[in-house]
Amino acid sequence: MPQSNFAFDQTDDEHDDLPLAHAARHRKPAPRKHWTEFSEGEQLLDAFTMTYRPARYEEGWLKSSLRDLFTQQYISDVLALVKGGKEASVYRCAAHPRMGMEWLAVKVYRPRMFRNLRNDKMYREGRAILTSDGRPVKPTDDRLLRAVGKKTDFGVQVEHTSWLMYEFTTLQRLHAAGASVPAPVATAENAILMGYVGDAQRAAPTLHETTIPAEEASTIFAEVMRNIELMLELGIIHGDLSAYNILYWEGAITLIDFPQVTDSYANRSADFILRRDITRVCDYFARCGVACDSAAILHDLWERYVAPHREAFLPDV
Ligand SMILES: Nc1ncnc2c1ncn2[C@@H]1O[C@H](COP(=O)(O)OP(=O)(O)OP(=O)(O)O)[C@@H](O)[C@H]1O
Ligand SMILES: [Mg+2]
(Lines give C-alpha, C1' and ligand atoms only; values in the text may rest on other atoms or scores of the structure.)
(Ligands and ions follow the chains in the order given, each with its own letter.)
Protein backbone atom coordinates (compact mmCIF):
# COMPACT_ATOMS: atom_id res chain seq x y z
CA MET A 1 0.00 0.00 0.00
CA PRO A 2 1.36 3.42 -0.83
CA GLN A 3 1.98 5.68 2.15
CA SER A 4 -0.06 8.84 2.44
CA ASN A 5 1.84 12.08 2.16
CA PHE A 6 0.30 12.96 5.45
CA ALA A 7 1.69 10.09 7.53
CA PHE A 8 3.62 11.82 10.31
CA ASP A 9 5.85 9.03 11.38
CA GLN A 10 8.99 10.98 12.26
CA THR A 11 10.84 9.88 15.35
CA ASP A 12 11.52 12.46 18.06
CA ASP A 13 15.16 12.67 16.96
CA GLU A 14 14.08 13.83 13.53
CA HIS A 15 12.51 16.89 15.12
CA ASP A 16 15.83 18.07 16.55
CA ASP A 17 16.18 20.69 13.85
CA LEU A 18 12.85 22.10 15.01
CA PRO A 19 13.59 23.13 18.60
CA LEU A 20 10.45 25.19 19.08
CA ALA A 21 8.01 22.70 17.62
CA HIS A 22 9.88 19.98 19.52
CA ALA A 23 9.33 21.86 22.76
CA ALA A 24 5.67 22.20 21.89
CA ARG A 25 5.31 18.46 21.47
CA HIS A 26 7.00 17.63 24.76
CA ARG A 27 5.42 20.22 27.00
CA LYS A 28 2.53 18.65 28.87
CA PRO A 29 -0.55 20.65 27.87
CA ALA A 30 -2.65 22.00 30.72
CA PRO A 31 -6.20 20.60 30.79
CA ARG A 32 -8.26 22.70 28.43
CA LYS A 33 -11.66 24.21 28.86
CA HIS A 34 -13.72 26.01 26.30
CA TRP A 35 -14.16 29.63 27.36
CA THR A 36 -17.87 29.17 27.83
CA GLU A 37 -17.05 26.65 30.58
CA PHE A 38 -15.45 29.36 32.72
CA SER A 39 -17.82 31.17 35.05
CA GLU A 40 -18.16 34.89 34.55
CA GLY A 41 -16.17 35.37 37.77
CA GLU A 42 -13.36 33.16 36.50
CA GLN A 43 -13.33 35.04 33.20
CA LEU A 44 -13.10 38.39 35.00
CA LEU A 45 -10.41 37.17 37.37
CA ASP A 46 -8.42 35.84 34.47
CA ALA A 47 -6.21 38.85 34.03
CA PHE A 48 -3.27 37.96 31.89
CA THR A 49 -1.69 40.99 30.27
CA MET A 50 -3.19 42.19 27.04
CA THR A 51 -2.01 45.53 25.76
CA TYR A 52 -4.43 44.95 22.91
CA ARG A 53 -7.98 45.81 23.96
CA PRO A 54 -10.29 43.25 22.41
CA ALA A 55 -13.89 44.00 21.60
CA ARG A 56 -16.33 42.60 24.16
CA TYR A 57 -17.49 39.78 21.90
CA GLU A 58 -13.88 38.85 21.18
CA GLU A 59 -12.45 38.90 24.69
CA GLY A 60 -13.60 35.60 26.21
CA TRP A 61 -12.85 33.64 23.07
CA LEU A 62 -9.41 35.23 22.72
CA LYS A 63 -8.44 34.66 26.34
CA SER A 64 -9.52 31.03 26.39
CA SER A 65 -7.78 30.41 23.07
CA LEU A 66 -4.50 31.92 24.29
CA ARG A 67 -4.55 30.79 27.94
CA ASP A 68 -2.29 27.76 27.35
CA LEU A 69 0.19 29.80 25.33
CA PHE A 70 0.45 32.24 28.25
CA THR A 71 0.69 29.62 30.99
CA GLN A 72 3.22 27.59 29.04
CA GLN A 73 5.30 30.74 28.61
CA TYR A 74 5.29 31.08 24.85
CA ILE A 75 3.81 34.58 24.89
CA SER A 76 3.65 37.30 27.52
CA ASP A 77 1.33 39.86 25.89
CA VAL A 78 -1.03 40.40 22.98
CA LEU A 79 0.06 43.65 21.37
CA ALA A 80 -2.14 44.22 18.33
CA LEU A 81 -4.64 42.74 15.93
CA VAL A 82 -2.85 42.13 12.64
CA LYS A 83 -5.94 41.17 10.71
CA GLY A 84 -9.40 39.79 11.33
CA GLY A 85 -10.05 37.37 8.48
CA LYS A 86 -13.05 35.30 7.44
CA GLU A 87 -12.08 32.25 9.42
CA ALA A 88 -9.40 33.44 11.80
CA SER A 89 -7.87 36.53 13.35
CA VAL A 90 -4.12 37.02 13.57
CA TYR A 91 -2.51 38.96 16.43
CA ARG A 92 1.00 40.23 17.09
CA CYS A 93 2.18 38.96 20.48
CA ALA A 94 5.18 39.70 22.67
CA ALA A 95 7.18 36.48 22.84
CA HIS A 96 7.99 35.27 26.36
CA PRO A 97 11.62 36.17 27.20
CA ARG A 98 12.59 32.45 27.18
CA MET A 99 11.75 32.30 23.46
CA GLY A 100 14.66 34.55 22.47
CA MET A 101 12.71 36.65 19.97
CA GLU A 102 10.68 39.80 20.22
CA TRP A 103 7.36 38.91 18.58
CA LEU A 104 5.23 35.98 17.56
CA ALA A 105 2.09 35.81 15.44
CA VAL A 106 -0.91 33.86 16.73
CA LYS A 107 -3.69 32.77 14.40
CA VAL A 108 -6.89 32.21 16.38
CA TYR A 109 -9.67 30.42 14.57
CA ARG A 110 -13.08 32.03 14.91
CA PRO A 111 -15.70 30.26 17.03
CA ARG A 112 -17.89 30.16 13.90
CA MET A 113 -15.49 27.50 12.65
CA PHE A 114 -16.93 25.13 15.26
CA ARG A 115 -20.36 25.43 13.73
CA ASN A 116 -19.64 25.91 10.08
CA LEU A 117 -16.40 24.49 8.75
CA ARG A 118 -15.21 25.93 5.46
CA ASN A 119 -16.42 23.72 2.66
CA ASP A 120 -13.34 21.54 2.86
CA LYS A 121 -14.61 18.27 1.37
CA MET A 122 -12.57 18.67 -1.80
CA TYR A 123 -9.32 19.17 0.11
CA ARG A 124 -9.93 16.38 2.64
CA GLU A 125 -9.81 13.58 0.08
CA GLY A 126 -6.66 11.55 0.63
CA ARG A 127 -6.03 13.14 4.04
CA ALA A 128 -6.28 11.23 7.29
CA ILE A 129 -7.89 13.00 10.26
CA LEU A 130 -5.18 14.48 12.48
CA THR A 131 -5.41 14.53 16.27
CA SER A 132 -4.14 17.35 18.49
CA ASP A 133 -0.66 15.79 18.63
CA GLY A 134 -0.47 15.97 14.84
CA ARG A 135 -0.79 12.22 14.28
CA PRO A 136 -3.33 10.53 11.98
CA VAL A 137 -6.34 8.85 13.58
CA LYS A 138 -6.05 5.07 13.39
CA PRO A 139 -8.45 3.59 10.81
CA THR A 140 -9.55 1.20 13.59
CA ASP A 141 -10.79 4.04 15.82
CA ASP A 142 -14.46 3.38 15.07
CA ARG A 143 -15.82 5.60 17.84
CA LEU A 144 -14.04 8.65 16.53
CA LEU A 145 -14.72 7.97 12.86
CA ARG A 146 -18.41 7.37 13.60
CA ALA A 147 -18.62 10.69 15.48
CA VAL A 148 -17.08 12.49 12.50
CA GLY A 149 -19.41 10.74 10.07
CA LYS A 150 -22.47 11.61 12.15
CA LYS A 151 -21.26 15.17 12.74
CA THR A 152 -21.86 14.99 16.49
CA ASP A 153 -20.47 17.89 18.57
CA PHE A 154 -17.45 15.73 19.32
CA GLY A 155 -17.07 14.83 15.63
CA VAL A 156 -17.18 18.49 14.58
CA GLN A 157 -14.56 19.30 17.21
CA VAL A 158 -12.35 16.48 15.89
CA GLU A 159 -12.61 17.89 12.36
CA HIS A 160 -11.83 21.37 13.60
CA THR A 161 -8.71 20.09 15.36
CA SER A 162 -7.68 18.20 12.25
CA TRP A 163 -8.08 21.31 10.04
CA LEU A 164 -5.92 23.34 12.42
CA MET A 165 -3.33 20.57 12.78
CA TYR A 166 -2.96 20.34 9.00
CA GLU A 167 -1.98 23.98 9.04
CA PHE A 168 0.54 23.45 11.85
CA THR A 169 2.08 20.17 10.68
CA THR A 170 2.38 21.56 7.14
CA LEU A 171 4.31 24.52 8.53
CA GLN A 172 6.55 22.04 10.38
CA ARG A 173 7.25 19.97 7.28
CA LEU A 174 7.79 22.95 5.01
CA HIS A 175 9.92 24.85 7.49
CA ALA A 176 12.12 21.79 8.02
CA ALA A 177 12.45 21.44 4.22
CA GLY A 178 13.63 25.03 3.80
CA ALA A 179 10.45 26.63 2.49
CA SER A 180 9.65 30.32 3.03
CA VAL A 181 7.00 29.90 5.71
CA PRO A 182 6.65 31.23 9.26
CA ALA A 183 8.48 29.11 11.84
CA PRO A 184 5.91 26.91 13.62
CA VAL A 185 6.09 27.33 17.39
CA ALA A 186 3.14 25.74 19.19
CA THR A 187 -0.56 24.97 18.99
CA ALA A 188 -3.39 25.53 21.42
CA GLU A 189 -6.89 24.11 21.11
CA ASN A 190 -8.01 26.88 18.82
CA ALA A 191 -4.82 28.65 17.78
CA ILE A 192 -1.49 28.36 16.02
CA LEU A 193 1.58 30.22 17.21
CA MET A 194 4.23 31.01 14.61
CA GLY A 195 6.98 33.40 13.61
CA TYR A 196 5.81 36.96 13.03
CA VAL A 197 6.70 38.77 9.80
CA GLY A 198 6.86 42.55 10.14
CA ASP A 199 7.89 45.07 12.76
CA ALA A 200 6.35 47.05 15.62
CA GLN A 201 4.65 49.48 13.25
CA ARG A 202 3.08 47.04 10.84
CA ALA A 203 2.84 43.43 9.88
CA ALA A 204 4.15 42.43 6.47
CA PRO A 205 1.61 43.24 3.75
CA THR A 206 0.40 40.52 1.40
CA LEU A 207 1.50 40.74 -2.25
CA HIS A 208 -2.06 41.84 -2.95
CA GLU A 209 -1.67 44.81 -0.61
CA THR A 210 1.66 46.04 -1.89
CA THR A 211 3.45 46.91 -5.11
CA ILE A 212 6.67 45.01 -5.48
CA PRO A 213 9.56 46.86 -7.12
CA ALA A 214 9.60 45.98 -10.86
CA GLU A 215 13.25 44.91 -10.70
CA GLU A 216 12.43 42.34 -7.98
CA ALA A 217 9.40 40.78 -9.68
CA SER A 218 11.12 37.94 -11.54
CA THR A 219 13.25 36.96 -8.52
CA ILE A 220 10.19 36.89 -6.29
CA PHE A 221 8.25 34.88 -8.87
CA ALA A 222 11.12 32.36 -8.97
CA GLU A 223 11.00 32.12 -5.17
CA VAL A 224 7.26 31.42 -5.24
CA MET A 225 7.88 28.70 -7.82
CA ARG A 226 10.69 27.22 -5.68
CA ASN A 227 8.19 26.91 -2.85
CA ILE A 228 5.53 25.32 -5.05
CA GLU A 229 8.10 22.77 -6.25
CA LEU A 230 9.21 22.08 -2.71
CA MET A 231 5.62 21.35 -1.74
CA LEU A 232 5.19 19.05 -4.74
CA GLU A 233 8.36 17.21 -3.74
CA LEU A 234 6.62 16.51 -0.43
CA GLY A 235 3.45 15.47 -2.26
CA ILE A 236 1.40 18.49 -1.26
CA ILE A 237 -0.34 21.47 -2.87
CA HIS A 238 -1.10 24.69 -0.98
CA GLY A 239 -4.72 24.77 -2.19
CA ASP A 240 -5.38 28.48 -1.63
CA LEU A 241 -2.27 30.09 -3.03
CA SER A 242 -2.61 33.60 -4.39
CA ALA A 243 -1.34 37.14 -3.77
CA TYR A 244 -3.60 37.12 -0.66
CA ASN A 245 -1.62 34.38 1.06
CA ILE A 246 1.94 35.50 0.31
CA LEU A 247 3.55 38.10 2.58
CA TYR A 248 6.21 40.48 1.32
CA TRP A 249 8.76 42.00 3.70
CA GLU A 250 12.12 43.59 2.90
CA GLY A 251 12.51 41.84 -0.43
CA ALA A 252 11.53 38.38 0.83
CA ILE A 253 8.28 36.43 0.64
CA THR A 254 6.55 34.17 3.17
CA LEU A 255 3.76 31.76 2.24
CA ILE A 256 0.94 31.51 4.81
CA ASP A 257 -2.50 29.94 5.40
CA PHE A 258 -2.22 26.17 4.97
CA PRO A 259 -5.26 24.43 6.53
CA GLN A 260 -6.59 23.27 3.14
CA VAL A 261 -3.25 21.74 2.07
CA THR A 262 -4.00 18.98 -0.44
CA ASP A 263 -2.46 15.58 -1.12
CA SER A 264 -1.13 15.78 -4.68
CA TYR A 265 -1.09 12.02 -5.19
CA ALA A 266 -4.26 10.80 -3.51
CA ASN A 267 -6.68 13.66 -4.20
CA ARG A 268 -8.68 13.32 -7.41
CA SER A 269 -9.06 17.11 -7.66
CA ALA A 270 -5.31 17.71 -7.34
CA ASP A 271 -4.92 18.85 -10.97
CA PHE A 272 -7.76 21.35 -10.61
CA ILE A 273 -6.38 22.66 -7.30
CA LEU A 274 -2.78 22.92 -8.55
CA ARG A 275 -3.96 24.61 -11.76
CA ARG A 276 -5.90 27.18 -9.75
CA ASP A 277 -2.90 27.95 -7.50
CA ILE A 278 -0.54 28.34 -10.45
CA THR A 279 -2.97 30.40 -12.49
CA ARG A 280 -3.55 32.83 -9.64
CA VAL A 281 0.17 33.22 -9.02
CA CYS A 282 0.92 33.66 -12.73
CA ASP A 283 -1.90 36.21 -13.16
CA TYR A 284 -0.41 38.31 -10.38
CA PHE A 285 3.15 38.17 -11.71
CA ALA A 286 2.04 38.75 -15.30
CA ARG A 287 0.62 42.06 -14.05
CA CYS A 288 4.08 42.79 -12.58
CA GLY A 289 5.62 42.26 -16.02
CA VAL A 290 6.92 38.69 -15.56
CA ALA A 291 6.48 36.48 -18.61
CA CYS A 292 4.89 33.27 -17.34
CA ASP A 293 2.86 30.66 -19.16
CA SER A 294 0.72 29.02 -16.49
CA ALA A 295 -0.38 26.11 -18.72
CA ALA A 296 3.21 25.21 -19.59
CA ILE A 297 4.32 25.51 -15.96
CA LEU A 298 1.45 23.30 -14.79
CA HIS A 299 2.22 20.65 -17.41
CA ASP A 300 5.91 20.61 -16.52
CA LEU A 301 5.32 20.38 -12.76
CA TRP A 302 2.61 17.76 -13.11
CA GLU A 303 4.77 15.51 -15.27
CA ARG A 304 7.81 15.84 -13.05
CA TYR A 305 6.30 15.65 -9.56
CA VAL A 306 2.81 14.23 -9.62
CA ALA A 307 2.12 11.92 -12.57
CA PRO A 308 4.85 9.36 -11.71
CA HIS A 309 3.34 8.72 -8.24
CA ARG A 310 -0.35 9.06 -8.89
CA GLU A 311 -0.99 5.67 -10.37
CA ALA A 312 -0.05 3.94 -7.13
CA PHE A 313 -2.66 5.97 -5.26
CA LEU A 314 -5.36 6.28 -7.90
CA PRO A 315 -5.15 3.24 -10.19
CA ASP A 316 -8.07 4.53 -12.26
CA VAL A 317 -6.45 7.84 -13.35
N1 LIG B 1 3.04 34.96 10.47
C2 LIG B 1 2.44 36.12 10.17
N3 LIG B 1 3.08 37.31 10.34
C4 LIG B 1 2.45 38.47 10.03
N5 LIG B 1 1.19 38.54 9.54
C6 LIG B 1 0.51 37.40 9.36
C7 LIG B 1 1.10 36.14 9.66
N8 LIG B 1 0.18 35.16 9.37
C9 LIG B 1 -0.91 35.78 8.91
N10 LIG B 1 -0.74 37.12 8.89
C11 LIG B 1 -1.74 38.13 8.49
O12 LIG B 1 -3.02 37.68 8.87
C13 LIG B 1 -3.88 37.54 7.72
C14 LIG B 1 -4.80 36.34 7.89
O15 LIG B 1 -4.02 35.16 7.96
P16 LIG B 1 -4.42 33.87 7.13
O17 LIG B 1 -4.42 34.19 5.68
O18 LIG B 1 -3.56 32.75 7.59
O19 LIG B 1 -5.90 33.60 7.69
P20 LIG B 1 -7.30 33.50 6.91
O21 LIG B 1 -8.22 32.80 7.80
O22 LIG B 1 -7.13 32.97 5.56
O23 LIG B 1 -7.76 34.95 6.77
P24 LIG B 1 -8.37 35.53 5.41
O25 LIG B 1 -9.74 35.01 5.36
O26 LIG B 1 -8.23 37.00 5.60
O27 LIG B 1 -7.50 35.00 4.29
C28 LIG B 1 -2.96 37.47 6.54
O29 LIG B 1 -3.56 37.99 5.38
C30 LIG B 1 -1.78 38.33 6.97
O31 LIG B 1 -2.07 39.69 6.71
MG1 LIG C 1 -5.61 33.93 4.04
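## The whole chain

Start with everything shown: of the contacts in the protein between residues at least 6 apart in sequence, 64% join residues at least 24 apart. Bear in mind that this is a predicted model. Of the 317 residues in the protein, 36% are buried.

Now switch to colouring by confidence. The mean pLDDT of the protein is 85, with 81% of its residues at 70 or more. Select residues 7-27 next: the pLDDT there is below 50, and beyond near neighbours in sequence the stretch has 22 contacts in the model.

## Two helix pairs

Select residues 142-150, helix α6, together with residues 153-176, helix α7. Their axes come within 7 Å and cross at roughly 95 degrees, which makes α6 roughly perpendicular to α7.

Then jump to helix α8 (residues 217-233) and helix α10 (residues 294-313). How do these two cross? Their axes come within 9 Å at a crossing angle of roughly 30 degrees, so α8 and α10 are roughly parallel to each other. The crossing of α8 past α10 is right-handed. To see the contact itself, pick Glu229, Leu232 and Glu233 on α8, then Leu301, Tyr305 and Val306 on α10. This one has four nonpolar, no polar and two charged residues.

Last stop: the loops around strand β8.

Click glutamate 250, in the loop between β7 (246-249) and β8 (252-255). Its phi is near 50 degrees, a positive value in a residue other than glycine. Is glutamate 250 buried or exposed? Glutamate 250 is exposed, because 8 other C-beta atoms lie within 10 Å and the cut-off for exposed is 12 or fewer.

Move on to aspartate 257, in the loop between β8 and β9 (262-263). Aspartate 257 is not a glycine either, yet its phi is positive, at about 70 degrees. Aspartate 257 has 23 C-beta neighbours inside 10 Å and therefore counts as buried, the cut-off for that being 20 or more.

How values were computed:
Residues are numbered from 1 along each chain as its sequence is written. Chains are lettered from A and ligands numbered from 1 in the order in which they are written. This is a predicted model: local features need pLDDT of at least 70, side-chain atom pairs count only at pLDDT 80 or more; totals for chains, interfaces and linings use all residues. Axes are lines fitted to C-alpha atoms, for helices over the stretch in contact, and angles run from 0 to 180 degrees between N-to-C directions. Helices (H or I, at least four residues) and strands (E, at least two) are DSSP runs, numbered from the N terminus. Angles under 35 degrees count as roughly parallel, over 145 as roughly antiparallel, 65 to 115 as roughly perpendicular and the rest as oblique. A crossing is left-handed if the near helix is turned anticlockwise from the far one by less than a right angle, and right-handed if clockwise. Two residues are in contact if their C-beta atoms, placed from the backbone, lie within 7 Å. Ala, Val, Leu, Ile, Met, Phe, Trp, Tyr, Cys and Pro count as nonpolar, Asp, Glu, Lys and Arg as charged, and the others, Gly among them, as polar. pLDDT is the predictor's confidence in each residue, from 0 to 100.
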